[in-house]
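Here are my notes on the fold, for reading beside the model.

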Amino acid sequence: MKSETQMLSAELETHRFELEMSINELQVTNQALKEREEYLSNMIEHASEGIMIVNQSGLINSANHVVCNLLDIENHQLINKPLNLFINKAVKKEINAFFVLSEHNEHFKTKANLKQWNKKESIPVQISISALKHFFDKKFLVILTDLSKIVKIKEDLAQ
């Protein structure tokens with residue numbers, strides 16, 4: 001009886017040790033994931049391009065400060081607004097169709113005019129949209145490149 005108790009105690013100690021090792025591994029992995037997430041967030045926030053994540057319905061899930069500056073809107077006001085609210089009519093249908101019909105790894109690129117929030121002004125941009133993988137629901141990476149300086153240079157050269 002005593003040896004059986006000792007065997008069970010030793011087995012329990014082995015499982016406790018294995019559990020501690022697993023917990024330590026999970027903590028290290030969790031820390032690495034947090035660091036990677038912070039690194040990626042910093043990259044997105046400090047990019048020179050406007051970067052957004054948009055869902056299949058065209059609603060903006062997140063955006064960096066460049067997008068907010070282009071649209072002249074605060075980040076908290078932008079979240080869950082439809083991207084089409086800011087895009088000229090000429091490309092709305094194309095973008096909506098891409099959101100609905102695209103598969104993973106597909107890309108869409110076009111030029112458009114972004115309407116600033118509560119203003120009549122618009123900004124010429126190139127919009128690049130990529131369908132993202134590994135999400136339960138469809139998500140899209142939207143990159144906005146401000147073309148206003150290029151347009152101004154072309155106008156100056158034309159005169």
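1. Helices (H or I, at least four residues) and strands (E, at least two) are DSSP runs, numbered from the N terminus. On that basis the protein chain has five helices and five strands, in the order α-β-β-α-α-α-β-β-β-α from the N terminus. The chain is more spread out than a compact globule, because its radius of gyration is 25 Å, well over the 15 Å that the globule rule gives for 159 residues. That radius is taken over C-alpha atoms, and the rule is 2.2 Å times the number of residues to the power 0.38.

2. This is a predicted model, in which local features need pLDDT of at least 70, side-chain atom pairs count only at pLDDT 80 or more, and totals for chains, interfaces and linings use all residues. Residues are numbered from 1 along each chain as its sequence is written, and side-chain values use heavy atoms, with hydrogens and water left out.

3. Along the principal axes, the C-alpha atoms of the protein chain fill a box of roughly 100 × 30 × 25 Å. Of the 159 residues, 28% are buried, meaning under 20% relative accessible area (1.4 Å probe, protein chains only).

4. Strand E1 (residues 50-55) runs antiparallel to strand E2 (residues 60-63), and three bridges join them; strands pair if DSSP finds at least two bridges between them. Val54 has Ile60 in E2 as its bridge partner. The two strands, E1 and E2, form a hairpin with four residues between them, and Gly58 in the turn has a positive phi of about 85°.

Conventions: Buried means under 20% relative accessible area, exposed over 50%, partly exposed in between (1.4 Å probe, protein chains only).
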